[in-house]
Amino acid sequence: MTTNEYLTTPETVLPAELGFGVLRVAEAPLVRHQRVVRDLTITLTAFAQERGLGEVLPAPTDVVLDREQHLVVQPDVLFVAAGRSSIIGDHIEGPPDLVIEVLSPRPRIGMIEEKVTWYARYGVRECWLVDLNRREIAVLTCAGGRVEERTPFGTDQYVQSRVLPDLRLRPSRVLGWW
């Protein structure tokens, strides 16, 4: 499937991605997954809006990482800095500054390592992996097409972000539902 074919398919709320021309569709995520997505979206949106930093969007939002290679992903939550708002249209055309993936007990679409590699290769500056089982958020800093650093933050630590350096967020605030 081409990127244009993918982007003209009927809208759906089911997770879907295009991995180098291969369409992947999954069932809806579990409730605990969606609670974390909701809480991160609310928290980060308020933070970004108060400071005029940019825009936060939850899944399903299509992110075209490579139009010619037919690579379109849907991170659980994404942030695009205000200075890069030109990539926001009906979908995101290019890498967000920050993507967040909430890890499910059983992977739904592809393997997370594959997606992290894509994010780093195509210019995402930071990727958060929210591990519901470990109750931690790992912050991956990307540069030069690869992951440079991976720092885990436990439930009562403050997440440290290079993309959102003034953010004060404890994983327990978004992982406290269960």
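Leu18 of strand E1 has Val72 as its bridge partner in strand E5, and E1 (residues 16-19) and E5 (residues 71-73) are joined by two bridges and run antiparallel; two strands are taken to pair if DSSP finds at least two bridges between them. The model is a predicted one, in which local features need pLDDT of at least 70 and side-chain atom pairs count only at pLDDT 80 or more, whereas totals for chains, interfaces and linings use all residues. Residues are numbered from 1 along each chain as its sequence is written, and side-chain values use heavy atoms, with hydrogens and water left out.

The pairing of E1 with E5 belongs to an open sheet of five strands, ordered E2-E1-E5-E4-E7, with mixed pairing. Strand E2 (22-25) and strand E7 (92-93) stand at its edges, and because each has a single partner strand, one side of each is left without a neighbour in the sheet. Helix H3 (residues 112-121) packs on this sheet and touches E1, E2, strand E4 (63-66) and E5, its direction making about 110° with that of E5. Here contact means heavy atoms within 4.5 Å, and axes are lines fitted to C-alpha atoms, for helices over the stretch in contact, with angles running from 0 to 180 degrees between N-to-C directions. Helices (H or I, at least four residues) and strands (E, at least two) are DSSP runs, numbered from the N terminus.

The buried residues of H3 are Lys115, Val116, Trp118, Tyr119 and Ala120, where buried means under 20% relative accessible area, exposed over 50% and partly exposed in between (1.4 Å probe, protein chains only). H3 is followed by Gly123, whose phi is positive, near 105°.

One aromatic pair is counted in the model, the rule being that rings of Phe, Tyr and Trp (its six-membered ring) pair if their centres lie within 6.5 Å, with planes under 30 degrees apart counted as stacked, over 60 as edge-to-face and the rest as tilted. Phe20 and Trp118 form this pair in an edge-to-face arrangement, at 5.6 Å centre to centre and with 80° between the planes. Phe20 counts as partly exposed because its relative accessibility is 34%, whereas Trp118, at 4%, counts as buried. In a separate ring interaction, the charged end of Arg168 sits over the ring of Tyr158, 3.6 Å from its centre; the criterion is that NZ of Lys or CZ of Arg is within 6 Å of the ring centre and within 35 degrees of the ring normal.

Glu136 is placed in strand E10 (residues 136-143) and is buried, with a relative accessible area of 16%. Leaving aside neighbours within four places in sequence, Glu136 is in contact with Leu129, Val130, Asp131, Pro152, Phe153, Gly154 and Leu175. Ala46, which lies in helix H2 (residues 31-51), is partly exposed, with a relative accessible area of 33%.

Over the whole chain there are four helices and eleven strands, and buried residues make up 46% of the 178 residues. Of the contacts with a separation of 6 or more, 55% are between residues 24 or more positions apart.
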